[in-house]
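Subject: Structure for your review

Dear colleague,

Please find below the structure that I am handing over to you. My notes on it follow, and I would be grateful if you read them with the structure open.

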Number of protein chains: 2
Amino acid sequence: MTRQNLQSNSPHSLDHIFHPRATALFGVSTNAKGMASGFLTSLIEQKYHERSPLYIINPKADEISGIKCYPNLQSIPGPVDHVISLVPEKIVPALVQQAIEKKVKSVHFYTAGFSETGDPERAALETKIVGELTEAGIRVIGPNCMGLYVPSEGLAFMNGFPETPGNVAVISQSGANAGDMIHGMSRRGVRFSKGVSFGNGADLKAHHFFAYLAEDPETEVITAYLEGVQEGRNFFKAVKRLAETKPVILLKGGLTAAGARAAHSHTGSLAGEIKIFDAMCRQTGASRAITMEDLHDFTVGATTSMKNIKGTGVALVSGGGGFAVLSADAIAMAGLDVPSTPEATKLKLREFVPIAGTSINNPIDTNTGGDIQIWERTIRTVAGADNIDLVLGTLPWSSSAADQDELTKEQLEEEIDTYIKMIVSIQNDTGTPVAMLLRQRGDDRAAAHLFELAAYKNQIPCFATVPRAARTAAEMLAWANRRAGLPQLF
Amino acid sequence: MTRQNLQSNSPHSLDHIFHPRATALFGVSTNAKGMASGFLTSLIEQKYHERSPLYIINPKADEISGIKCYPNLQSIPGPVDHVISLVPEKIVPALVQQAIEKKVKSVHFYTAGFSETGDPERAALETKIVGELTEAGIRVIGPNCMGLYVPSEGLAFMNGFPETPGNVAVISQSGANAGDMIHGMSRRGVRFSKGVSFGNGADLKAHHFFAYLAEDPETEVITAYLEGVQEGRNFFKAVKRLAETKPVILLKGGLTAAGARAAHSHTGSLAGEIKIFDAMCRQTGASRAITMEDLHDFTVGATTSMKNIKGTGVALVSGGGGFAVLSADAIAMAGLDVPSTPEATKLKLREFVPIAGTSINNPIDTNTGGDIQIWERTIRTVAGADNIDLVLGTLPWSSSAADQDELTKEQLEEEIDTYIKMIVSIQNDTGTPVAMLLRQRGDDRAAAHLFELAAYKNQIPCFATVPRAARTAAEMLAWANRRAGLPQLF
């Protein structure tokens, strides 16, 4: 058994990769304006250097952006666990030599130009350098990738990643898509335990990270973007073991011939047949996202009250007759129902809802006119109905958009807090999840976004559109149903 | 032949409805804060009262928001063409009497509580009052609707509608959806000739408006949201005649049983079978939107260079390998192709595109690094390829998001202007439409939105996502193909 195989069977061996004691950026340069590469600015933004030693290897500079430069790894006084390679591929052999001598634990190659080019010589070079490093007990991330995001350590590979850690892990063969996943989901309120862009996966592959995350106490939900499947049997086993106990949401790029061709020139992956991938998701109990939007939405679903949906009955509580018609269509097209309001619930609603300009039959429009109490009572009454498994609501916003512009941030936050406490209380009392649609009078998207972030912190899901909310709810339900025989995830 | 039928055969008779000499709001009240109803504030926002006489019927006030009040229509000194009824239904008989005596030309009933309630007595009342008005030669819009938006006259029914007129007409059975159409499309840069929310359609129905719009020189593209089809034969004839010479985009609410039930309680419509509606769209040469998002996107497609797409070959020019993979999948799933770059085009690209970190095979990533000249040359070269019918591109944005924050608005507009002139020139020289994706480094959506509006003014289409761009392009192409035998629309 080679050292590499030994390590891949021991997922805890990756702990040191996600928690390096010290990191060296190999080859940071500055542009004409004196700006350093994005990797350095991201680490400084996350204050990595204030928590752990951070070094730069650059023989031509003394320091860059306040970080001390060294001519090579050997000249760094303390230990170095993690090396980020930003140099062109022709410098890589020197880096490898130094890394082995310095006894580092992992090297991440941002450096590209290896097997993904399709050039046999470049592929052979990749095999050679990765072999040399792993033989020396050094794990390799990449090449041709963005590497690690570990907010608890201050490690990040793009600017604007959240500094607060969370419970969702992101694994991606593509750096751009890892960025879309982290930036996109963080705007929804999601926070992350770990993120990895692993590119060509010459050493560490998706299945190594999955094995690690299965045991990682910081990770509760795993999302992954994959192009090719490497070492199919190991991959299947790793997904199976992971999906047994944690929610796993997989997005496969290269579904079509056109996409597969693009994937091949990207990470050198052979995209494989989508039917096989689909069957694997079904057999392992993973959730399969078809688009990046799905992946974001399903993650919001799996980390909020929406995961608790128990049946297909959806109540829509909102104003606007035409909006209700299109919404009912969208809910039905997603495979859910918009059942008629039971008579007992109608009677309860009639106690406080006038006849004119309202509808107490689902979809429900009680025409609250900004009255928070009527809104709360409506949602509560509907959530308590026998045939309702999910309430989809819009906010009344107590004041018009024009007035809202005049609210102080504190007043707006106070109003939002009132809504959220009401929804949490309704969910607790009725056991029915309540999801909110981010519709608002006029153009004030900032207030809606503030609500979304505050709601997510309280596990209340928000969606931009009814089709997306309905699709996510349908997937949470279908996912639970597909897992018959496996441990319950939620 | 009754007067009503006579009028419906003469579409020009609706001219006076869209261009009233004077308007009276019947029943404006103020709320506890002294704020007037939205109808009044919308008219004031559009400066209707500065162009044409505007009156309020309210016996209890002298003026509201600076507009003079009268106790009844008769006491208004000059002529009144258009009356907007905001009173409860019990006041309506008095309004009808006054309108007939005052010889007004049209009444719009915002007032609801008629046939849409399903109550036979209320339905009979609707028939009675509408009959009285039409017998007197007065046309009725509604009841249960938002009425007219005519920017050239300053008529509007919601705040925030554009004041500048344009070439797109909006017809909607639902007021909320009319608002979503006008607000939503105006954010994309679309401007409108006329908008009508016609609710129950007791007198004027979709087919009357379609007949008018077929002859209206201000209207080039027609979009409509419909729930039930009234007077099916007249409707079919009107759509057929309209679709023959102008692009018509139809969205049908009540596709599903759940949606149809919601539609029934909304406008009293029987939603009818979607298969029949679908066949009608095919037979008449109209475009059928399945969702509200479709309707917005297809309208952008039909009013920009995207309408000129001639084949299925799409080139994607953007950074990010994983993004390219998912985009190629999305384009293929929409029924279009991502063909390999022809050798001749590859040779031209290689003249200025380095090998490392780029892809000159479609999807194309020339890794411009913010270089506008390389970006322009890439788009131009690709747009000129034999097998490319549409280029889908992202902007390089010459500076990083951080820098952009420091740009003055003038500098940003200048940069945007440079991009737009380049795209217009490429389109003119190659005959290939170029659509832009609104992706941008970081979070600066304001700059992307500024670009979108400036681009639309130059008939350059922008989309938030590749799937939406691809779906729209596929519909433009399929639409043109379905119209074999009919006059070319574009």
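The notes below take the sheets first, then the interface, the cores and some individual helices and residues.

Please bear in mind throughout that this is a predicted model.

Sheets

In chain A, an open sheet is built from 7 strands, arranged in the order β3-β4-β2-β1-β5-β6-β7 with mixed pairing. Its edge strands are β3 (63-64) and β7 (139-141) of chain A, each of which pairs on one side only. Helix α3 of chain A, residues 38-45, packs on this sheet and touches β1 (23-26), β2 (54-57), β3, β4 and β5 (82-85) of chain A. The direction of α3(A) makes about 155° with that of β1(A). Within β4(A), the residue opposite A:Glu63 is A:Lys68.

Chain B also has an open sheet of 7 strands, in the order β3-β4-β2-β1-β5-β6-β7 and with mixed pairing. Here β3 (63-64) and β7 (139-141) of chain B stand at the edges; each has a single partner strand, so one side of each is left without a neighbour in the sheet. Strands β1 (residues 23-26) and β2 (residues 54-57) of chain B run parallel and are joined by 4 bridges. In that pairing, B:Leu25 stands opposite B:Ile56 of β2(B).

Strand β10 (residues 192-197) of chain B has 6 of its 6 residues buried, so it is largely enclosed by the rest of the structure.

The contact between the chains

The two chains meet through 47 residues of chain B and 46 residues of chain A. On the side of chain B that touches chain A, α7 (175-187), α10 (257-267) and α13 (321-333) of chain B each supply at least two residues. The largest share comes from α13(B), with 11 residues. By class, this side of chain B has 21 nonpolar, 22 polar and 4 charged residues.

Nonpolar cores

The largest nonpolar core has 147 residues, and B:Ile331 and B:Ala473 are those with the most contacts inside it. Leaving aside residues up to four places away in sequence, B:Ile331 touches A:Ala258 as well as B:Val314, B:Leu316, B:Leu336, B:Val338, B:Val466 and B:Ala470. There is also a second, separate core of 146 residues, which includes B:Ala24, B:Ile56, B:Phe192 and B:Ala211.

Helix α15 of chain A covers residues 372-383. At 1.5 Å a residue, its 12 residues should span 16 Å, and its end C-alpha atoms are 16 Å apart, which agrees. Its buried residues are A:Trp375, A:Arg377, A:Thr378, A:Ile379, A:Thr381, A:Val382 and A:Ala383. The buried residues of α15(A) pack against β14 (314-317), α14 (343-350), β15 (390-393), α17 (409-430) and β16 (434-437) of chain A.

Helix α12 (residues 292-302) of chain B is mostly covered, with 9 of its 11 residues buried. Among them are B:Met292, B:Leu295, B:Phe298 and B:Val300.

Two residues

B:Val170 is found in strand β9 (residues 165-172) of chain B. With 27 C-beta neighbours inside 10 Å, B:Val170 counts as buried. Not counting residues up to four places away in sequence, B:Val170 touches B:Ala178, B:Met181, B:Ile182, B:Phe192, B:Gly195 and B:Thr223. The C-alpha atoms of B:Val170 and B:Gly370, 200 residues apart along the chain, are separated by 40 Å.

With kind regards

Key:
Residues numbered from 1 in each chain as written. Chains lettered and ligands numbered in written order. Predicted model: local features only at pLDDT ≥ 70, side-chain atom pairs only at ≥ 80, totals over all residues. Pairing = 2+ DSSP bridges. Contact = placed C-beta atoms within 7 Å. Axes fitted to C-alpha atoms, helices over the stretch in contact; angles between N-to-C directions. Nonpolar A, V, L, I, M, F, W, Y, C, P; charged D, E, K, R; others polar. Expected span 1.5 Å × (residues − 1). Buried ≥ 20, exposed ≤ 12 C-beta atoms within 10 Å, placed from the backbone. Core = buried A, V, L, I, M, F, W, Y, C linked by C-beta atoms within 7 Å.
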